[in-house]
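Please read them with the structure open beside you.

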Amino acid sequence: MVIKVYVSGMSGNKEVKKRQQRVTMIMDSKHIEYTVIDITEPGQEGEKDFMQVNAQHKGCTISDPNPRHALPPQLFNDTEYCGDYDDFDMANEVDNLEVFLKLAAPAVPEVEHKNGGTTGEEATEATDAVVDDDENKENKTEDNADGGAVVAEAATEDGANEEPPNAVEMDAEPDDEEEELLKTSAALAGKSEDAEEIDIEEAEEEEAALQPDQDDAAEDGISSKLVDTDDPMLAEQEQEE
């Protein structure tokens with residue numbers, strides 16, 4: 001794998017010259033091996049055509065914001081395009097130059113703990129263990145919820161089947177009241193019967209007391225009639241009547 005930096009040794013654009021110098025200076029400071037290809041040298045026509053055809057970014061400058069062909073510097077890793085000066089400068093700013101040049105794969109962040117580092121496999125195992133614990137907790141919670149529901153249903157059924165503790169007393173109270181009412185009614189009925197008997201006896205006594213008077217009156221009427229019948233004139237009038 002060879003890093004190729006395409007430059008132009010005869011460019012009249014000052015900005016292009018400054019960019020080319022900066023790229024080579026940074027590559028040297030980071031001890032990155034590379035090959036400089038000057039597309040203006042004789043015999044480099046093929047490299048010039050390759051750069052212009054495969055460069056995806058044109059390396060626009062302030063003096064030439066819309067160039068007809070890609071401007072150097074352009075960077076390749078063998079035949080794989082890496083980027084122009086702006087891409088290179090951005091990768092350098094974020095300290096990601098080796099990835100930009102396709103010399104290293106993107107770094108995968110490792111899970112680290114305060115007491116020491118852990119590998120990716122250990123982190124995966126720890127994550128799986130946490131997931132298993134969470135699932136076990138969820139299952140226990142569901143089991144407890146189901147058990148609580150069963151206990152609640154059983155308690156509800158028992159409560160429905162059992163009578164309230166005061167139900168017997170409540171039932172007994174009406175019986176006592178009925179008995180008292182019956183006794184009161186019986187007492188009243190007995191008093192009314194006694195009163196009727198007393199009234200009958202009093203009526204009989206009054207009738208018995210009046211009977212001699214009625215007999216005396218009847219006897220007086222009979223005697224008066226007998227006296228009157230002795231008179232022949234009264235007898236005839238009575239007969240005419």
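Predicted model: local features only at pLDDT ≥ 70, side-chain atom pairs only at ≥ 80, totals over all residues.

1. Start with the overall layout. The protein chain has 7 helices and 6 strands. Read from the N terminus, the order of elements is β-α-β-α-β-β-α-α-β-β-α-α-α. The protein chain holds 241 residues, and buried residues make up 19% of them. Among contacts between residues at least 6 apart in sequence, 59% join residues at least 24 apart.

2. As a general point, strands of a sheet pair through backbone hydrogen bonds, and the pairing can be parallel or antiparallel.

3. How many bridges join S1 to S2, and do these strands run parallel or antiparallel? Strand S1 (residues 3-7) is joined to strand S2 (residues 35-38) by 4 bridges, and the two run parallel. Between S1 and S2 the chain passes through helix H1 (residues 14-29), and this β-α-β crossover is right-handed. Two positions can be checked by eye: Tyr 6 is opposite Ile 37 in S2, and Val 7 is opposite Asp 38 in S2.

4. S1 also pairs with S3. Here 4 bridges join S1 to strand S3 (residues 74-77), and the two strands run antiparallel. Val 5 has Leu 75 of S3 as its bridge partner, while Ile 3 stands opposite Asn 77 in S3. As for burial, S1 is mostly covered, with 4 of its 5 residues buried.

5. How do H1 and H3 pack, and how far apart are their axes? They pack at an angle of about 35°, and their axes are 11 Å apart. The crossing of H1 past H3 is left-handed. On the H1 side, the contact is made by Arg 19, Arg 22, Val 23, Ile 26 and Met 27. On the H3 side, it is made by Tyr 85, Asp 86, Phe 88, Asp 89, Asn 92 and Glu 93. Sorted by class, the contact of H1 with H3 has 5 nonpolar, 1 polar and 5 charged residues.

6. Pro 67 sits in the loop between H2 and S3. Why does Pro 67 count as buried? Its relative accessibility is 3%, and the cut-off for buried is under 20%, so Pro 67 counts as buried. Leaving aside neighbours within four places in sequence, Pro 67 is in contact with Lys 58 and Cys 60.

How values were computed. Residues numbered from 1 in each chain as written. Heavy atoms only, no water. Pairing = 2+ DSSP bridges. Right-handed = clockwise from strand over helix to strand, strands pointing away. Axes fitted to C-alpha atoms, helices over the stretch in contact; angles between N-to-C directions. Left-handed = near helix turned anticlockwise from the far one by under 90°. Contact = heavy atoms within 4.5 Å. Nonpolar A, V, L, I, M, F, W, Y, C, P; charged D, E, K, R; others polar. Buried < 20%, exposed > 50% of the residue type's maximum accessible area, 1.4 Å probe, protein only.
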